Amino acid sequence: MPVYNSDVAEVFNRVAALLEIEGANEYRVRAYRDGARTVSTLSRDVSEMVDEGEDLTELSGIGENLADKIEEIVKTGGLAQLRELEQRTPPELVEILDIAGLGPKRVQIIHQELGVTSLDELQEAAEEGRIRELHGLGEKTEEKIREDVARWNAADNRTRRDLAEDMVEPLLDFLRDLDDVVEAEPAGSYRRKKETIGDLDILATSEAGARVISEFVDYEDVEEVVSEGETRATVIFRSGLHVDLRVVAEGSYGAALLYFTGSKDHNISLRSLALDAGLKINEYGVWEKAADSSEPTQIAGEAEREIYSLFDLEWIPPELREDRGELDAARDGDLPDLVTVDDICGDLQTHTTSSDGRASLEEMAEAAQALGWEYIAITDHSGYVGVTQGLDADALEEWIDEIQRLDEKLNDITLLRGIEVDVLEDGSLDLPDGVLEKLDLVICAVHSHFDLPRPQQTERLIRTMDNPNCHILAHPTGRRIGGRAGLELDMERLMEAAVERGCFVELNAQPDRLDLNDVYCRMAKERGLKVAISTDAHSVEEMRFMRFGVYQARRGWLEPQDVLNTRSWDDLHQLIER
DNA sequence: GCCGTTTTCGGCCCGACTGTTTTCAGTCG
């Protein structure tokens, strides 16, 4: 049975959680989590590295011990250590760690004293008033546990970026309008442009923190105040979104923004650099210890750029701050010149009323002009998936003529004759080559048979790319954020096959797709595989989704030259012709 | 458990807030 990077990471994360509950050394626990992260963001299959006898200790955070364990997991499909841990400590306790306010110590006490081993039992114990009997826990903690278990059972607790945007903007307006607030900016994963956010971090500068906090907790969207101090408050919005506000003085703005933007791992690495230089970084600034034992003096803090430069680092865009090599790159002057929406010249996947879109060809063309695109590919569906009411070969022939007629009338924009053609179970396409050859752009997409085994699924898509008419693989994994998991694919192999055949992959900008994800974008870049960022717009409004795709691309280290549609149509045409 | 042009042992980021305490442990980000 093949072992994937995600399997190895899962084993390490479980080991870490169980060790943590058992009270193991926190740095040992962290070592397993670091190892899990390293493996899961690797742009190669770790099992392949094992097969080829490569030295895994070259990987950051992987030493002799973890290297041996990776090998064991790859070769046997499991880890003896994890099995032993699960003998000693009920594995279901791991999910109790996710309950707010319950860390390893309390989980251990609740388990040992009350025999609780699962979320259900935890809920029961809380409802029966047994939690409050325990040493160090009381009535309030018990109440919070009850509420959080209910919330945890209720739903998926991450919020999609586009939905978060709708809440963030009004909140920022509200804060910026307060007399005491100088600046208010989103930080955290929102600023790092992650596809989903767990909670929302907002940073404000003010000399009157307590007043700002007290206005904030009265904001109209706030349903519950979780904590409230002089400089920080945590609230829960009616939508269920957790929002943290931190207030600092202006002189600490850069340090605070850096700190609250994270990621946690990026911060830890940066602080280690500071320690090496004999300095200390906290959310208020960078501090130098005085020779005598008097108070340390602040030597930076107003701006992020100044703090990075103190350590001979270029300013690092928030999207890169995941501790995936960006600090080394910043030191060596090798940071990517990340793609922006302004670099994009056109949209390579859009739909009209000719299949399942809601706007006409004319309306889409007009909207594309308004956005300043040089070209737009009209890529309605082929007929295989009944619900999309797609085009068969004859209808497509007529449609091609219609697009061409409109294109000839328009001066400022080029309409590309395209199709989003279905990939059938065997990898062949849903339309004959004869008609595909007449198109400017053929993007191939899986809309059925999502659950083929990994080798078969991978072969299926490689066969699709064998067809010289195939230009781009649309939404390659088919995942839906908060919905479908996506195809099982050997992505490394698929990308290599794409490069060999002169095919390309899409980064679909629909906010519930964002497929490819950031890690796969970077994998593509490292293999010289260019990526098309397309909105897959089914309406005029959705053509504005381009920014979400660009955010994801930036998280994947993509530069303008790594993206297909930063080129004029003439250049792009030459590139995709096979 | 990892890591090292100061170290192969002894470090490992750092502060706010809460709740249950009587001075602080646990949790969180």
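A: A crossing of two helices is left-handed if the near helix is turned anticlockwise from the far one by less than a right angle, and right-handed if clockwise. This is a predicted model, in which local features need pLDDT of at least 70 and side-chain atom pairs count only at pLDDT 80 or more, while totals for chains, interfaces and linings use all residues. Residues are numbered from 1 along each chain as its sequence is written, chains are lettered from A and ligands numbered from 1 in the order in which they are written, and side-chain values use heavy atoms, with hydrogens and water left out.

The axes of helix 21 and helix 22 come within 10 Å and cross at roughly 40 degrees. That angle makes helix 21 oblique to helix 22. Angles under 35 degrees count as roughly parallel, over 145 as roughly antiparallel, 65 to 115 as roughly perpendicular and the rest as oblique. The axes are lines fitted to C-alpha atoms, for helices over the stretch in contact, and the angles run from 0 to 180 degrees between N-to-C directions. The crossing of helix 21 and helix 22 is right-handed. Met 491, Glu 492 and Met 495 from helix 21 meet Tyr 520, Met 523 and Ala 524 from helix 22, where contact means heavy atoms within 4.5 Å. Sorted by class, this contact has five nonpolar, no polar and one charged residues. Ala, Val, Leu, Ile, Met, Phe, Trp, Tyr, Cys and Pro count as nonpolar, Asp, Glu, Lys and Arg as charged, and the others, Gly among them, as polar.

The loop between strand 16 (504-508) and helix 22 holds Leu 516. The peptide bond from Asp 515 to Leu 516 is cis, with omega near 15 degrees. Most residues other than glycine have a negative phi, and most peptide bonds are trans.

Now turn to helix 23 (residues 546-555), which packs with helix 10 (residues 161-177) at an angle of about 110 degrees, with the axes 11 Å apart. Helix 10 and helix 23 are therefore roughly perpendicular to each other. Their crossing is right-handed. On the helix 10 side, Arg 161, Asp 162 and Glu 165 take part, and they meet Arg 547, Phe 548 and Tyr 551 of helix 23. The contact of helix 10 with helix 23 has two nonpolar, no polar and four charged residues. In the loop between strand 17 (531-534) and helix 23 sits Asp 536, whose phi is near 60 degrees, a positive value in a residue other than glycine.

Next come helix 1 (residues 5-21) and helix 2, whose axes are 8 Å apart at an angle of about 165 degrees. Helix 1 and helix 2 are therefore roughly antiparallel to each other. The crossing of helix 1 and helix 2 is left-handed. Among the residues that meet are Val 8, Phe 12 and Leu 19 in helix 1, and Val 29, Tyr 32 and Val 39 in helix 2. By class, 11 nonpolar, four polar and three charged residues make up this contact.

Helix 2 also leads us to the DNA. Helix 2 gives the most to the surface near DNA strand B, with five residues. Altogether 48 residues surround DNA strand B, with Gly 101, Gly 138, Glu 228, Tyr 259 and Arg 271 the closest. A residue is near a strand if one of its heavy atoms lies within 4 Å of it. The residues of this surface divide into 15 nonpolar, 14 polar and 19 charged.

One more helix end deserves a glance. Ser 263 is found in the loop between helix 13 (253-261) and helix 14, and the peptide bond from Gly 262 to Ser 263 is cis, with omega near -5 degrees. Helix 14 (264-276) is one of the elements that each supply at least two residues of the surface near DNA strand B.

Conventions. Helix = DSSP H or I, 4+ residues; strand = E, 2+ residues; numbered from the N terminus.
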